[in-house]
Amino acid sequence: MIRQSFVSSQHVWFVTSVFTACFSFLFLCFAHAAASESPTSSTTTLTTNSSHHDFIELPRAVLLEIDRIRREAYSFRETSPEAISAWRKILDLDPANLEARVVGGWSMILSPRGDHDLGVTLLEEAFDPSKVREVINPRMPQSLFVAATIGRYRSQRGEYAKARKFTEIALEMSKGHPMVPPGSSTVDGDVCLQMQLATMFDYFPETMQDADIAIDRMNAHADRLLAHQGWAIDEKFLTTSFPGAAPDPAVHCLLPLFSLSFYYRADVADVASKNYELARRGWPSLSTTAEHVKKYDAETEHGCINRKIRLAVVAGVMKEGHSNSESFGGMLSRLDRDIFDITYVFLPEEGDTRIASFTRTHPQDTVKMFSKLQTEVADGAWTTRIGKEVASLEMDIIFYFELTMSSWVRRLGMQRLAPVQANSIGHPITSGINRSVVQYYISWGAAELPLEQSQKHYTEELKLLPSDIVYQYYEPRILPGGRSRADGMSFGHISLEDFEIPPHKNVYMCMQKPFKFHPEVDELLCGIMQKDPDSWLILHREAANQAVFVNRLKNGGCDLSRITFLEAQPHHRLLALYRDSTVVLDSYPAGGDTTTREVLEMGKALVTLPARLLGGRWSVGYMTTIGLEKLTMKRLVASTPEEYIDLAVKLGTDKTLRDEVEADIRAKVPNLFHRHEAVAAWQEMFLEISPYQRCGKCDGNSTLETCALTSD
């Protein structure tokens, strides 16, 4: 998943110089009070009514010391370590001090080396009457920016409840706010804050009702904002007022669409389409069309071409070992270079510019790498600069691994830079981009519902690779001698004891990232534990929402004393876990792809419950196309939650049954690798969607073999 870091090399959220005006106004309000108030005064212009909580009355000597430190704090540069240290000293003396929380917290988040977590927490507590004598005054103009900063930070951390709370507080404050430009707001408040709420997923919902409510809230905010005309994003105001907005206003206002792929009960095409419309309205310059595309559109007939088809492959993650490189690399490196002229376009949003080796297989292939320039600030449409460079290549087809993980690639995909543009399964969800811009979504028939059903999940026209073949050219992930190809390390010596798993247990393992675990999965995991008293569960620890995860499992009836939560593991240790677990469990509703292939390669039994969308159907696709016996499929593939529990426990408690299943998997897993028919299927697909046919033997219904013989 690509998330923009709140503080990262690519998007530095707190750049002091940009926010001097906003901070200084806040700073001076208190600084003026510091110069004019008596040492025993406890209120400033930033306070409102008393919190009505009982706080200890401070002795006069303490008040005098606080006043001395306070004046000292204002004598330093606002974000200096000395100033921050002074505010922390005041909080040690007076934990209920509003001024120290607000000015000290703001200083921390604006300091490049400050404790941003503590700073945001201090700002949050300024709104809490149980923490301060006087809560922050919502009528003071700067209170808007404090609340908005808290909301954006918490959303970046995946802490939905706090993110929504403070973003909604900020939105209410923004209505009629004297500093918000009229064109950058509607009757509902600031446009950027409305965008945030319209794209704010509940990153780890506690219940399915919570998940459904989150989608309803998003849709309501999106519908209200899109219903208004005449609004715009005022990037000058945005980037000089809101910490974090300057590096990339679009990233600041439009939150990632990544989580949509886990919302299986939502109308995903509708949600993605609204996300696109918000981006298009906010940054209209992204809706651009290359000149050679305009020329193509103006032609009533398109003649054949006496050259190769120009195919650009665009990705935000194309590094060695990444799941998308593993999926697409084998196929792309084997496409016929007598037919295709291939250019790889890499936008390394994560900052890792080490491109995958498959891009260097053919010397004639071109590799283009584009990054964000340091001068490209306060401009959410900066990707149009890359768009112009890509347009100059005059590609026939642009093929995107995905259009929902990388914000850079997504904004590039909003520009029509080739006559044909196609999205694909690097992330299993529709782009939502209008079909006039991105025409196709290329998926795999074996992992989709019937076309008349699955087409409803996409804004693009759905094109399916054959359902009777493995759809990619895969290489094994395990090397001879029991070594991981990903990290080169051996895993033969690693056992469950190394993970502190007790002996003589039926170990059920699901090490998928917990963001794939919507609350539907809880009944599956807890049902297995209840049905098998000798079970032991291995799960991936959740980063920001572990407490929610644990509470969900507890409420679902799981025995927490029989669960081991692990951090992300090096690949060779993960393989050892697969090998030694009794049964591997597919996550639900979003299942495994790369992980499923690894489990099958290890010859292990994996129980799966196929869901409605593509991301929950990889496992059944692989099991079907490698040719597992029908009886084996019945023992692994469930159709209901109850059957999932039954299948898992039967395999976990019956070694004979498990041995039979694993023997069939080991016999059939070679069929997963080195599938040349997958390359041929992709090649046929690209020829089918190509805006041009090649002249001579490549027009009409010629075969790939005769087409490849055509002279250029």
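Q: In this predicted model, are α6 and α7 roughly parallel or roughly antiparallel to each other?
A: The axes of helix α6 (residues 142–156) and helix α7 (residues 160–174) come within 7 Å and cross at roughly 155 degrees. Angles over 145 degrees count as roughly antiparallel, and α6 and α7 are therefore roughly antiparallel to each other.

Q: Which residues of α7 are met by residues of α6, and how do the residues of this contact divide into nonpolar, polar and charged?
A: On the α6 side, the contact is made by Ser-143, Leu-144, Ala-147, Ala-148, Ile-150, Gly-151, Arg-152, Arg-154 and Ser-155, and these meet Lys-162, Ala-163, Phe-166, Thr-167, Ile-169, Ala-170, Met-173 and Ser-174 in α7. The residues of the contact of α6 with α7 divide into nine nonpolar, five polar and three charged.

Q: Is the crossing in which α6 passes α7 left-handed or right-handed?
A: The two axes cross at roughly 155 degrees while coming within 7 Å. The crossing in which α6 passes α7 is left-handed.

Q: Which residue in β9 is the bridge partner of Phe-399?
A: Strand β8 (residues 397–400) pairs with β9 in the parallel sense, over three bridges. Strand β9 (residues 420–424) is mostly covered, with five of its five residues buried; Val-420, Ala-422 and Ser-424 point one way from the strand, and Gln-421 and Asn-423 point the other way. The bridge partner of Phe-399 in β9 is Ala-422.

Q: Which strands are the edge strands of the open sheet that five strands form?
A: The order of the five strands in this open sheet is β16-β15-β14-β17-β18, and the pairing is parallel. An edge strand here pairs on one side only, which is the case for β16 (563–566) and β18 (606–607).

Q: Which strands of the sheet does helix α24 touch?
A: Strand β14 (residues 506–510) pairs with strand β17 (residues 583–585) in the parallel sense over two bridges, and Tyr-508 stands opposite Val-583 in β17. Helix α24 (residues 641–653) packs on the sheet, in a direction that makes about 135 degrees with that of β14, and the strands touched by α24 are β14, β17 and β18.

Q: Which residues is Asp-379 in contact with, leaving aside its neighbours within four places in sequence?
A: Asp-379 is found in the loop between β7 (366–369) and α15 (384–391), and at 29% relative accessibility Asp-379 counts as partly exposed. The C-alpha atoms of Asp-379 and Glu-235 are separated by 6.9 Å, although the two residues are 144 residues apart along the chain. Leaving aside those sequence neighbours, Asp-379 is in contact with Glu-235, Asp-248 and Pro-249.

Conventions
Residues are numbered from 1 along each chain as its sequence is written. This is a predicted model: local features need pLDDT of at least 70, side-chain atom pairs count only at pLDDT 80 or more; totals for chains, interfaces and linings use all residues. Side-chain values use heavy atoms; hydrogens and water are left out. Axes are lines fitted to C-alpha atoms, for helices over the stretch in contact, and angles run from 0 to 180 degrees between N-to-C directions. Helices (H or I, at least four residues) and strands (E, at least two) are DSSP runs, numbered from the N terminus. Angles under 35 degrees count as roughly parallel, over 145 as roughly antiparallel, 65 to 115 as roughly perpendicular and the rest as oblique. A crossing is left-handed if the near helix is turned anticlockwise from the far one by less than a right angle, and right-handed if clockwise. Contact means heavy atoms within 4.5 Å. Ala, Val, Leu, Ile, Met, Phe, Trp, Tyr, Cys and Pro count as nonpolar, Asp, Glu, Lys and Arg as charged, and the others, Gly among them, as polar. Buried means under 20% relative accessible area, exposed over 50%, partly exposed in between (1.4 Å probe, protein chains only). Two strands pair if DSSP finds at least two bridges between them.
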